[in-house]
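Me: I am new to this structure and would like a short tour. Could we start with the aromatic rings and then turn to the helices?

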Amino acid sequence: MSIEVNNESGVSVDEAEVAALARSVISAMRVHEQAELSIVMVDEASMEQLHIQWMDEPGPTDVLSFPMDELRPGKDDEDPEPGLLGDIVLCPQVAQKQARAAGHSFEEELLLLTTHGILHLLGYDHAEPEEEKEMFGLQRKLLLTFLSTRGKV
């Protein structure tokens with residue numbers, strides 16, 4: 001599994017922890033072991049440009065996902081497909097604000113957003129109430145499982 005983390009945001013981030021979480025989520029979702037993922041962290045100005053370009057919405061956002069080979073979670077009865085999972089773009093400055101508002105740590109927010117981004121790459125969405133319930137429940141389970149293995153829950 002290839003996970004590349006590139007921090008261009010100017011904010012100090014535990015890149016190894018983000019990569020470890022991504023590896024944990026990808027493994028739990030039974031994605032092919034040779035899948036490739038890129039995680040890029042950018043500042044608010046860069047995120048705002050991407051948000052306008054790809055979503056036609058103003059202002060910076062917290063996370064954007066760009067799937068490549070449209071990989072899906074593996075199933076028990078079949079081998080997962082190899083390929084490029086895609087790219088996740090995170091904005092640590094937005095994550096810091098959201099963490100304060102939610103009353104948890106910046107690290108937890110960044111890991112939550114990373115998990116959220118990976119689930120989007122795997123085809124999950126939250127546009128409809130049932131989709132949101134499924135995606136957010138899975139996101140919570142994956143994040144708590146990771147944090148418990150790290151002794152952070």
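Reply: Searching the whole structure, which is a predicted model, turns up one aromatic pair.

Me: Which rings are in the pair, and how are they arranged?

Reply: They belong to W54 and F66, with centres 5.5 Å apart. Their planes stand at 70°, so the pair is edge-to-face, as any angle over 60 degrees is.

Me: Where does each one sit in the chain?

Reply: W54 is in helix α2 and F66 in strand β3, twelve residues apart, and the pair links distant parts of the chain.

Me: Is W54 buried or exposed?

Reply: W54 counts as exposed because its relative accessibility is 51%, and the cut-off is over 50%.

Me: What span should helix α2 have?

Reply: Helix α2 covers residues 44–55, and its twelve residues should span 16 Å at 1.5 Å a residue. The end C-alpha atoms are 15 Å apart, which agrees.

Me: What happens at the start of α2, and just after it?

Reply: At the start, a side-chain oxygen of D43 comes within 3.3 Å of the backbone nitrogen of A45. Just after α2, D56 has a positive phi of about 55°.

Me: Changing topic, how many residues does α4 have?

Reply: Helix α4 has 16 residues, 106–121, and reaches 23 Å from first C-alpha to last, close to the 22 Å expected.

Me: Which of its residues are buried, and what covers them?

Reply: The buried residues of α4 include E109, L110, H116 and L121. The cover includes α1, β2, β3, β4, α3 and α5.

Me: Which residue just after α4 takes a positive phi?

Reply: That is G123, at about 95°.

Conventions. Residues are numbered from 1 along each chain as its sequence is written. This is a predicted model: local features need pLDDT of at least 70, side-chain atom pairs count only at pLDDT 80 or more; totals for chains, interfaces and linings use all residues. Side-chain values use heavy atoms; hydrogens and water are left out. Helices (H or I, at least four residues) and strands (E, at least two) are DSSP runs, numbered from the N terminus. The expected span of a helix is 1.5 Å times one less than its number of residues. Buried means under 20% relative accessible area, exposed over 50%, partly exposed in between (1.4 Å probe, protein chains only). Contact means heavy atoms within 4.5 Å. A polar contact is a pair of N or O atoms within 3.5 Å; within protein, one must be able to donate a hydrogen and the other to accept it, and residues adjacent in sequence count only if both atoms are side-chain atoms. Rings of Phe, Tyr and Trp (its six-membered ring) pair if their centres lie within 6.5 Å; planes under 30 degrees apart count as stacked, over 60 as edge-to-face and the rest as tilted.
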